[in-house]
Each structure stands twice: as structure tokens, then as C-alpha cells.
Amino acid sequence: MASLDDGHVIGRAITPEGVLPDAYVAWRGGVISEVRPAAPGDRSPEQVPGGAPDDAPGADPLILPGLVDVHDHGALGHGFPGSDAEGCAAAAAHHRRWGTTTLFASTVSALPADLARQVAVLADVADDGHIDGIHLEGPFINACRCGAQDPRAIVPGDPAALEMLLDAGRGHVRAVTLAPETDRIGDLLRICAERGLVASFGHTDAGYDLTARTIDAANALGLTVTATHLFNAMPPVHHREPGAAGALLAASARGEAIVELIADGVHLSDAMVDLVRATTGADGITLVSDAMAAAGMPDGDYVLGTLPVIVDGGVARLKDGGNIAGGTSTIFDQVMRMLHRGIDPADIARMASATGAKATGFADRGAVAVGKRADLLLCDDAPEGTPPHHHGGATTPPTVIVAGERKER
């Protein structure tokens with residue numbers, strides 16, 4: 001592998017057009033300046049022991065775009081909904097170590113005054129460069145579809161409370177999850193439009209028609225619409241009542257929404273992920289981890305917000321009720337899982353990077369392409385026998401480059 005200080009690397013690059021088998025990727029000033037087939041003189045002596053040409057198949061790394069996770073609650077025993085700034089920074093560092101170069105810290109429902117205090121902590125973490133934005137997952141959702149959130153902390157839609165939360169975030173709140181049926185949804189959407197937020201619909205019991213009308217209203221305001229972890233915390237699709245999930249899936253297929261998928265084999269089966277991709281295309285999907293404090297940690301007892309969670313076999317569930325309580329995977333896990341399953345690498349890169357970056361206003365990154373920020377991962381191909389959790393079977397993190405700078409593993 002080339003020295004990263006010289007601003008280039010050679011490997012099998014996953015570009016928007018597909019895999020470039022022997023690619024030369026160079027950057028200047030933190031921005032990708034060249035993506036082309038490698039020429040004989042591109043390889044430097046430090047790439048090959050002894051300076052001899054290396055024609056061994058598979059000797060070069062796989063070059064992926066830096067991963068984008070817009071729905072993440074923490075890692076390493078720290079949760080974005082309740083940890084202090086130091087703990088939140090440690091959680092963010094774990095995800096960056098495993099290739100997430102653009103990260104949103106997600107909260108959970110809490111009473112607005114309490115939530116505002118934590119949003120202010122996360123704004124400090126964003127000011128320090130550890131996270132790229134804040135996602136409010138509630139509290140303006142439906143208690144009957146609370147999932148792993150405390151129903152006592154869920155409140156009716158309140159425009160003044162939303163404004164207070166956004167002020168506490170000092171411009172770092174980039175997305176908010178709303179139930180289409182919450183009170184004053186129209187006023188909440190107008191605030192989202194005024195503040196440049198992504199409106200994400202989820203934790204909802206709404207039917208197809210109400211959800212479709214709400215999507216239309218959001219689109220009319222110029223909002224980017226997403227689905228908060230599609231299928232999870234919403235009514236199951238029925239052949240006579242497709243529900244909120246059906247409305248969001250149809251909107252995504254029309255290019256009017258983007259759906260979050262937790263493609264970890266726990267929240268969704270691989271077959272369902274494939275079905276959604278066949279319906280919407282990769283440009284309609286952004287992979288999210290929905291990771292909680294147990295990510296990167298052994299099985300045991302944890303907390304999500306204020307609720308106790310037990311992790312067994314890498315699966316997090318509430319101690320009371322057994323609902324799935326967030327994820328323990330990273331986006332890198334999901335990418336490795338998909339590569340192992342033979343999914344088109346260009347599609348994987350769009351779902352794991354480009355779509356989320358574009359949807360959340362980071363159009364400067366998300367692809368191995370000229371003009372994009374030099375956020376890159378260098379790693380081996382997916383290992384054989386990829387298990388469903390814990391870094392897809394990988395034991396060594398990828399090499400992570402952010403804006404042209406190598407980050408420590």
C-alpha cells in the first residue's frame with residue numbers, strides 16, 4: 001500500500017460506476033483529484049517489500065468511500081442520549097475507527113427540557129468535530145409504537161418545544177423523527193423547512209393514506225423526507241392495509257423519500273433488504289446502524305435512554321417487554337455482510353455512503369469520485385463465513401482516511 005502521506009493509494013476502488021480493479025486514487029487538499037486505472041509508474045517502492053513489482057492477486061486493498069451513518073445512539077458503553085461529552089466522543093471514535101466518517105448522534109424521547117440539556121451536550125461534541133450532526137428521534141412520536149423508547153417521555157407535537165430543542169442544538173440538529181399522526185404536524189414540518197432539517201417519519205401507527213398525505217405536505221415544503229428504520233416501530237405491511245411502511249416505500253420508489261434500513265440480519269432479514277432494494281433502487285436507501293451503547297462491547301446489561309437493555313448473542317432487547325433495543329453493528333458490518341452475499345458493490349457504496357450524504361446535505365462526500373472529500377476506507381474483501389454481527393467477522397478495522405488524513409486505528 002502506498003504511503004498515505006503522499007496523497008494517493010492503489011487498490012480495487014468501488015466507484016459510482018462499479019469496481020475499478022487496479023485503481024489509482026489521489027487527493028489534494030483533502031479532496032479527491034484523480035480516480036483512474038493505475039499506470040506502471042504509480043507504484044512506489046514502499047508498496048512492495050524490496051521494491052519489486054507485486055502481481056499477487058488480492059494484494060491491493062479494497063477502496064470504499066467513507067461510510068455515512070445518520071442514525072446512531074452510541075458505542076463502547078456510552079450512549080448519545082445520556083452520556084457526557086467525553087463518553088459521546090468515545091462512542092463516536094468507535095464508529096469512526098470502523099469506517100463511519102460522517103456520523104449523526106441520535107437521541108431518544110425525553111421530556112423537552114431534559115432533552116434540550118442533552119442536545120446542548122451533543123452540540124459541544126459537534127463543535128469539537130466528533131460528530132457531524134444531531135438526529136432527534138422523538139419525542140413527537142406515537143407511544144403505541146415506541147419500540148425501545150420510554151412511552152412516558154413521548155409528548156404530542158409541540159412547535160415551541162421543537163424550536164427550543166433546535167436552539168439548544170445551535171445549528172447542529174440536522175434531522176428529526178416525527179409520527180405523521182402527532183399533533184400539529186403541519187407546524188412541525190414548517191419549522192423543519194425553515195431550519196433546513198430532514199423530516200424523518202417513524203415510530204408511527206399511521207395508515208397509508210395519512211402517511212402519504214404527510215409525505216406530500218413535506219415534499220411541498222421542499223423537505224427531504226426519510227423513513228426512520230423502515231418497518232421497525234410501525235405497523236407491518238398487510239395486503240389490504242400497506243400502512244406507513246407501504247407509503248414510505250412507495251414514495252421512495254418514486255424518488256420522493258429515502259428509507260433507512262438496518263441491514264444487520266436482526267432488524268431486517270436479508271430477503272427484505274433485497275426486496276426493498278429491488279423496489280427503490282440503491283439511491284432510495286441509506287443504511288443506518290441504530291447502534292446503542294453495546295456496540296463494540298460484550299453481551300451484558302446496558303441502558304438505552306433510561307430503559308434497561310440486555311444484550312444476548314449480539315442482539316439488544318429491552319429487559320421489560322423484549323422489544324429490539326437498537327443495534328450492536330456498525331455500517332462496516334453491514335457493508336461486509338452485503339459484500340459477502342454478493343450484492344453489487346456500487347449499490348452497496350450508494351446505500352452506505354452516497355445516499356445518506358446527499359440526503360443530509362453533505363453532497364461533498366460519499367463516493368470515490370473526483371471532487372468529493374477524500375473520505376476513504378482501505379480494507380480486505382469480505383471474509384468467508386461472515387457472521388451477522390461484530391464487524392462482519394473482521395478482526396482488524398479498515399484503514400480510515402478523512403479529508404485526506406489517516407486516522408489512528
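In what order do the 8 strands of the open sheet lie? In this predicted model, the order is E5-E8-E9-E10-E11-E12-E13-E14, and the pairing is parallel. The edge strands are E5 (67-69) and E14 (285-287), and each of these pairs on one side only. From one strand to the next, the twist averages 25°.

Strand E11 (residues 198-201) and strand E12 (residues 225-227) run parallel and are joined by 3 bridges. Ala-199 has Val-225 in E12 as its bridge partner. Helices also pack on the sheet. Helix H8 (residues 331-341) touches E5, strand E8 (100-106), strand E13 (258-261) and E14. The direction of H8 makes about 125° with that of E5. Helix H9 packs on the sheet as well, touching E5, E11, E13 and E14. The direction of H9 makes about 110° with that of E14.

Strands can also run the other way relative to their neighbours. In general, strands of a sheet pair through backbone hydrogen bonds, either parallel or antiparallel. Strand E19 (residues 399-402) gives antiparallel examples: 3 bridges join strand E18 (residues 376-379) to E19, and these two run antiparallel. E19 is also joined to strand E20 (residues 405-407) by 3 bridges, again antiparallel. Val-400 takes part in both pairings: Val-400 is the partner of Leu-377, and Lys-407 in E20 is the partner of Val-400. E19 and E20 form a hairpin with 2 residues between them. In the turn, Ala-403 has a positive phi of about 50°.

Are the residues on the two faces of E19 buried or exposed? Side chains in a regular strand alternate between the two faces of the sheet. In E19, Thr-399 and Ile-401 are on one side, Val-400 and Val-402 are on the other, and all are buried. Both faces of this strand are therefore covered, because buried means under 20% relative accessible area.

The next topic is charge. Side chains of opposite charge can pair when their charged atoms come close. The structure holds 24 salt bridges. One of them joins Arg-277 and Asp-347, with the closest N and O atoms 2.9 Å apart. Why does this pair tie together parts that are 70 residues apart in sequence? Arg-277 lies in helix H7 (residues 270-280), whereas Asp-347 lies in helix H9 (residues 345-359), so the bridge spans that separation. Arg-277 is partly exposed, with a relative accessible area of 22%, while Asp-347 is buried, at 12%.

Asp-347 also forms a salt bridge with Arg-350, and here the closest N and O atoms are 2.6 Å apart. Both residues lie in H9, 3 residues apart, which is about one turn of the helix. Arg-350 is partly exposed, at 21% relative accessibility.

A further salt bridge is formed by the side chains of Asp-187 and Arg-184, at 2.9 Å from N to O. Asp-187 counts as partly exposed because its relative accessibility is 22%. Arg-184 has a relative accessibility of 51% and so counts as exposed. Salt bridges can also be linked to one another: Asp-270, Asp-274, Arg-337 and Arg-341 form a network of them.

Technical notes. Residues are numbered from 1 along each chain as its sequence is written. This is a predicted model: local features need pLDDT of at least 70, side-chain atom pairs count only at pLDDT 80 or more; totals for chains, interfaces and linings use all residues. Side-chain values use heavy atoms; hydrogens and water are left out. A salt bridge is a side-chain nitrogen of Lys or Arg within 4 Å of a carboxyl oxygen of Asp or Glu. Buried means under 20% relative accessible area, exposed over 50%, partly exposed in between (1.4 Å probe, protein chains only). Helices (H or I, at least four residues) and strands (E, at least two) are DSSP runs, numbered from the N terminus. Two strands pair if DSSP finds at least two bridges between them. Axes are lines fitted to C-alpha atoms, for helices over the stretch in contact, and angles run from 0 to 180 degrees between N-to-C directions. Contact means heavy atoms within 4.5 Å.
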